[in-house]
Amino acid sequence: MHSYINSGHKDTRSGFGSGLYHLGKINPKVVALCADLTGSLKMNAFADEFPERFFQTGIAEANMIGIAAGLTIGGRIPFTGTFANFSTGRVYDQIRQSIAYSGKNVKICASHAGLTLGEDGATHQILEDIGLMKMLPGMTVISTCDYNETKAATIAISNHSGPVYLRFGRPKVPNFTAPEKPFLIGKADILTEGDDVTIIANGHLVWEALEAYNSLKEIGIKAEVINFSTIKPLDIKTLLKSAKKTGRVVTAEEHQRNGGLGDSVSQALSLNNPCPIEMVAVNDSFGESGKPDQLLKKYGLDAKNIISAVKRVLKR
Amino acid sequence: MNNSIELIPSQVRRDILRMVHAVQSGHPGGSMGCTEFFVALYFKLLNHSPEPFNMDGKNEDLFFLSNGHISPVFYSVLARSGYFPVEELNTFRKIDSRLQGHPTTHEGLPGIRVASGSLGQGLSVAIGAAEAKRLSGDKNLVFTLHGDGELQEGQVWEAALYAGSKNIDNIIATIDANGQQIDGSTEEVMAMGDIGLKFEAFGWQVIQIIDGNDLSQVIDGLTSGIKHSGKGKPICIVMKTEMGAGVDFMSGTHKWHGIAPNDEQLENALSQLPETLGDYPL
């Protein structure tokens, strides 16, 4: 059994809210903007405590992105908050021109990403956001796995100069990473060591990968589970070291296969160390309404599917 | 400066035409229509410090060009007011230049604070900069320029609503009402109705400039805008201009929106515009 203990289910978005509130207390340059989803993004504590540094933009995400870009010109560090769908696809050109191309120090913080948004269905379940964001030159892209890591990442990105996309989710999920552990942008975290196969995961699928680790161990397969919360810049050093050791890689993410973590990993491996790879991801389809665990199962993203992918990659 | 400011627009128009002619690309029509506006702002009204350029612009007024395609007039006025050497105008739209087709911070050109070109984004960015000024107690102002056709972009109205609703009274947005856009007149393409009334309905104080190619009228209109700032409402200046103003055969038509003059046309145009401050060397 792996040594990670679920200290209790918590939502990653609350980790963001807590990290943002902490930043509000320690860094007067930090400001926050929200497009009418303050409660959903858990930004209330910041908004209540620092009203002069909180900008309610109403349901107008394009304007929010532009205002955030402008606030950097006065030396502020803006954090925008809305659902992942409205944080990326809806405002892609605003991010591209006013933030990325203009080199503005804006932190785009996106909740309710992926299928686990649940019952609201496919209109809100964006599965393309990581691909959209990682294509933008200079954009750092992060997808965190639990409450503690989301809080730590929120704090860490305030010290990074440049635009960042931070993706997290809606449901309460196991909270298992160490509290107060500093988040290192661009550094993958080896959660279990193993020689037989490398499992690379991020977001909600890191816990699924750890569940898969336990089952695989019972049948004599030792998996090296690595949390790749930073998709860009990708920690190629850690990836290659593990892939050279195991010779087999499985990726797992709550995103389209096209444009996601697996895509980045596959590119890095094929350029540097070609080896068999299997991908656990959404395969070119939209989601639907349902409970998060039902959706992960139906779309092939749970621990069982990771185990199947491991078995497939070991046969190649 | 007051006595000599009248000499500047003719030189700026020469710069615009020579820049666009040299690379046979760029947008002279709107640039020439807004020449008096840029000259009034940068040589008379803006509290700014060109050297050294400071991105944050603390304790100075800021300007954002939202309709970035009129970069030639912006570059000419920035160079002529000391942001970078006038000789650099010769690199406009050429490879390895800081003077990109549309303005950008990417190559580090002094005077530019955000990229623009994809329309409709500048007012939001300016509001952010205005909010940053309010937050830090900086009493200086934020100026913007937008095309009238550009107002067809929905984001402009998101921003207009925000500024009116949140009483952003340190912003002065000017609309270049030349009545033209790429596919024809705004009347034909997408009739704008009364632009001033629209902004008033969004909670803005509106000021009209009847002839935006009359330098003294532009100075008066902007001065009135500055006087009305700080009173709880954002300021919108609706400024009527002629595209291609200053050259008879280019004036009052959308034909010269994105077309460069040929050798003969350049010669004809320059003969109508006295060289007042010295042309930049080719």
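**Exercise 1. Place L216(A) in its chain and decide: buried or exposed?**

Start with the element. L216(A) lies in helix 8 (residues 205-218) of chain A. Helices here are DSSP runs of H or I with at least four residues, strands are runs of E with at least two, and both are numbered from the N terminus. The model is predicted: local features need pLDDT of at least 70, side-chain atom pairs count only at pLDDT 80 or more, and totals for chains, interfaces and linings use all residues. Residues are numbered from 1 along each chain as its sequence is written, while chains are lettered from A and ligands numbered from 1 in the order in which they are written.

Next, count neighbours. L216(A) has 25 C-beta neighbours inside 10 Å, so L216(A) is buried. (Buried: 20 or more other C-beta atoms within 10 Å; exposed: 12 or fewer; partly exposed: in between; C-beta atoms are placed from the backbone.)

Last, list the contacts. Beyond four places in sequence, L216(A) touches I221(A), A223(A), I307(A) and V310(A). Contact means C-beta atoms, placed from the backbone, within 7 Å.

**Exercise 2. Work out how helix 3 and helix 5 of chain A pack.**

Take the geometry. Helix 3 (residues 61-72) and helix 5 (residues 92-101) of chain A pack at about 10 degrees, axes 9 Å apart. Axes are lines fitted to C-alpha atoms, for helices over the stretch in contact; angles run from 0 to 180 degrees between N-to-C directions.

Classify the angle. Helix 3 of chain A is therefore roughly parallel to helix 5 of chain A. (Under 35 degrees is roughly parallel, over 145 roughly antiparallel, 65 to 115 roughly perpendicular, the rest oblique.)

Name the residues. A62(A), I65(A), G66(A) and A69(A) of helix 3 of chain A meet Q94(A), I95(A), S98(A) and I99(A) of helix 5 of chain A.

**Exercise 3. Check the length of helix 9 of chain B and find its buried side.**

Length comes first. Helix 9 (residues 215-228) of chain B has 14 residues, which at 1.5 Å a residue should span 20 Å; the end C-alpha atoms are 20 Å apart, so the two agree. The expected span is 1.5 Å times one less than the number of residues.

Then the buried set. In helix 9 of chain B, L215(B), V218(B), I219(B), G221(B), L222(B) and G225(B) are buried. They cover an arc of only 165 degrees around the axis, so they share one side of helix 9 of chain B. The arc is that of the directions from the helix axis to the C-beta atoms.

Finish with the other face. Turned away from the buried side of helix 9 of chain B are the exposed S216(B) and K227(B).

Technical notes. Two residues are in contact if their C-beta atoms, placed from the backbone, lie within 7 Å.
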